[in-house]
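Look through the structure below, then follow the paragraphs after it.

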Amino acid sequence: MGFRCGIVGLPNVGKSTLFNALTQTAAAEAANYPFCTIEPNVGQVAVPDPRLETIARVAGSARIVPTTLAFVDIAGLVRGASRGEGLGNQFLGHIREVDAIVHVLRCFEGSDITHVEGRVDPIADAETVETELMLADLDSLERRVPTLLKKAQGGEKEAKSAARILGETLELLRAGTPARLAAPRDADEARHLAQAQLLTAKPVLYVCNVDEGSAATGNALSAQVAKKAAAEGAASVVVSAAIEAEIVALAPEDRTAFLADLGLAETGLARVIRAGYDLLGLITFFTAGPKEARAWTIKKGTTAPQAAGVIHSDFETKFIRAETVGWEDFVALGGEARAREAGKLRAEGKAYLVQDGDVVHFLHGG
């Protein structure tokens with residue numbers, strides 16, 4: 001099951017620098033001019049989770065396999081992208097293919113790196129990109145809703161449901177409100193809204209790219225972004241892409257001391273990854289044994305058979321039951337066998353919703 005976060009923003013805000021640090025590669029060229037990244041670059045990033053190493057130690061696992069999240073570096077949007085400016089149509093198409101938007105905003109001063117609009121204003125930058133996404137969504141719905149209304153008037157049940165929610169979403173967009181704030185009344189309306197693949201329906205994480213001195217506490221510009229995010233029910237994270245690029249170049253054993261000198265307990269990238277994970281409504285379950293301990297990604301509300309299917313499709317179709325224990329009990333009691341003896345290992349059926357932190361052993365037919 002793959003989940004993808006698209007890194008977007010205006011040119012020269014630090015998107016590609018952030019992507020390079022995230023993936024610890026130089027695959028995306030970070031250059032001081034617009035459109036240096038034309039084709040999207042995709043990197044699989046391990047999701048930091050200290051629980052996994054603890055579980056592996058208790059289980060005596062020979063190998064540790066973390067779960068991952070994909071980040072896509074998408075070239076910089078500019079004003080007029082919805083009309084095709086600056087390769088806009090291509091870029092908007094790439095955004096449409098991701099599950100969530102990681103919006104990088106420049107929150108640092110400095111004349112050595114040019115700004116495409118000649119000023120440093122992260123709120124204005126956010127509004128520029130959001131406006132282009134809204135305009136693209138408006139164009140899409142203004143073409144679709146009239147057709148749906150005609151079908152609805154003709155008595156088509158599906159068209160009535162679609163016309164109602166998409167018509168309301170169109171009005172939101174016309175009022176300058178993103179589609180993610182639309183409120184479907186039922187599962188059918190939610191399905192129609194999802195099928196519309198609207199750009200502004202995607203959840204958003206604002207990443208404030210600050211100077212090195214502001215990495216630990218943020219600054220006045222990142223505070224403005226945090227206020228905007230809170231008002232929208234979105235999330236924001238403070239990161240210094242320059243620092244993250246330095247950390248990548250260090251030996252692993254030197255990174256903790258480097259972070260401590262800067263007043264940081266962890267990398268900004270760890271916060272970005274976790275925030276992206278939360279943004280998509282994802283949770284982690286674990287499998288553990290002598291060969292390996294592995295983390296797996298699922299959506300909140302996933303049933304036991306569906307979770308088994310993430311491991312192998314046959315496990316879902318031939319699901320019998322799931323033997324599960326919370327990771328805290330697994331660790332405290334010393335593994336699966338002792339958890340069973342203590343009555344903490346549960347046998348769960350097809351209706352069970354897997355919880356974050358569950359250590360699971362799936363039983364299935366041959």
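A residue is called buried under 20% relative accessible area, exposed over 50%, and partly exposed in between. The model discussed here is predicted. With a relative accessibility of 28%, Glu 336 is therefore partly exposed. Arg 340, at 43%, is also counted as partly exposed. Both residues belong to helix H14 (residues 336-341), where they sit 4 residues apart, about one turn of the helix.

An α-helix has 3.6 residues a turn, so residues three or four places apart point the same way. The side chains of Asp 139 and Arg 143 meet in a salt bridge of 3.2 Å, N to O. Asp 139 is partly exposed at 41%, while Arg 143 is exposed at 55%.

Arg 63 and Glu 292 pair through their side chains at 2.5 Å, N to O. Arg 63 is in strand E3 (residues 63-65) and Glu 292 in strand E9 (residues 292-299), so this pair ties together parts 229 residues apart in sequence. Arg 63 is partly exposed, at 46% relative accessibility. In total, the count is 20 salt bridges.

Helix H1 (residues 15-23) shows burial instead: 8 of its 9 residues are buried, so the helix is largely enclosed by the rest of the structure. Among the buried residues are Leu 18, Phe 19 and Leu 22. After H1 comes Gln 24, which has a positive phi, near 55°.

Note on methods
Residues are numbered from 1 along each chain as its sequence is written. This is a predicted model: local features need pLDDT of at least 70, side-chain atom pairs count only at pLDDT 80 or more; totals for chains, interfaces and linings use all residues. Side-chain values use heavy atoms; hydrogens and water are left out. Buried means under 20% relative accessible area, exposed over 50%, partly exposed in between (1.4 Å probe, protein chains only). Helices (H or I, at least four residues) and strands (E, at least two) are DSSP runs, numbered from the N terminus. A salt bridge is a side-chain nitrogen of Lys or Arg within 4 Å of a carboxyl oxygen of Asp or Glu.
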